[in-house]
Amino acid sequence: MRKAMDAVGLPVVCLQTGETIGTVRDILCDSTWHVRGVLLSEQGWFQSGTYIPTEHIHAVGESCLTVSGKDAITPLPHLAGLEPVGIVTGKTKLRGKAVITASGECLGRLEDVYFSANWEKLVGYELSNGWFADITEGRKRLPAPASVIIGEENLIVPD
């Protein structure tokens, strides 16, 4: 399993030219937790934002993410009809949200997520109950449930 925060901030390197063509700002998932790509730049007033679709990612290493060519960079509007879920950016970002069960138990705040080894799907959450609990007890891990309700401040998971 790989952690999202290990990939955020990595340079994106083009294998054809050897140049750095961007930096991973976020990982974008769909509502079924499949990875749709990595965000390079966010949408702004005068720019549409860019991302690299999963099928154009060659590898995600410890030092960089590689793509075969510059043509991998795609405008965000190509995700039309899909409201991607970001880990650290966007309206539905996951990091920092409280994870609450349907029966009302707060499990902690989401600090990171885990992806399958091939970066295909989100498979788990890393939860924190504050820095003191992180030091004394460590962070909790929770397998990603099939259905999650994403609110502005909370993630609601099944019991």
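Ala 59 stands opposite Thr 66, a residue of strand 8. Four residues connect strand 7 to strand 8 as a hairpin.

Five strands make it up, in the order 9-6-5-4-10, and their pairing is antiparallel. Its edges are strand 9 and strand 10, the latter at 85-86, each of which pairs on one side only. As a general point, strands of a sheet pair through backbone hydrogen bonds, either parallel or antiparallel.

For the protein as a whole, the average pLDDT is 88, and 92% of the residues score at least 70. One caution applies to any such model: where pLDDT is low, the predicted coordinates should not be read in detail.

Strand 9 includes Pro 75. Is Pro 75 buried, partly exposed or exposed? Its relative accessibility is 32%, and Pro 75 therefore counts as partly exposed, since that class lies between 20% and 50%. Pro 75 and Val 13 are 62 residues apart along the chain, and their C-alpha atoms are separated by 18 Å.

I now come to the annotation. An unreviewed UniProt entry lists residues 7-59 and 92-157 under "domain: PRC-barrel". Over residues 92-157, the chain is 47% strand and 9% helix. The C-alpha atoms at the ends of that stretch are 15 Å apart.

Finally, the surface. Which residues form a nonpolar patch there? They are Trp 131, Phe 132 and Ile 135, which together have about 450 Å² of accessible area. Trp 131 belongs to helix 2, residues 131-136. Why does Trp 131 count as exposed? The reason is its relative accessibility of 65%, as the exposed class begins over 50%.

Conventions:
Residues are numbered from 1 along each chain as its sequence is written. This is a predicted model: local features need pLDDT of at least 70, side-chain atom pairs count only at pLDDT 80 or more; totals for chains, interfaces and linings use all residues. Side-chain values use heavy atoms; hydrogens and water are left out. Two strands pair if DSSP finds at least two bridges between them. Helices (H or I, at least four residues) and strands (E, at least two) are DSSP runs, numbered from the N terminus. UniProt positions are given in the numbering used here, feature names are shortened, and annotations may be inferred rather than shown by experiment. Patches are made of residues with over 30% relative accessible area and no salt bridge: like charges are joined within 9 Å, nonpolar side chains (Val, Leu, Ile, Met, Phe, Trp, Tyr) within 5 Å. Accessible areas come from the Shrake-Rupley method with a 1.4 Å probe; for residues, only the protein chains shown count as cover. A salt bridge is a side-chain nitrogen of Lys or Arg within 4 Å of a carboxyl oxygen of Asp or Glu. Buried means under 20% relative accessible area, exposed over 50%, partly exposed in between (1.4 Å probe, protein chains only). pLDDT is the predictor's confidence in each residue, from 0 to 100.
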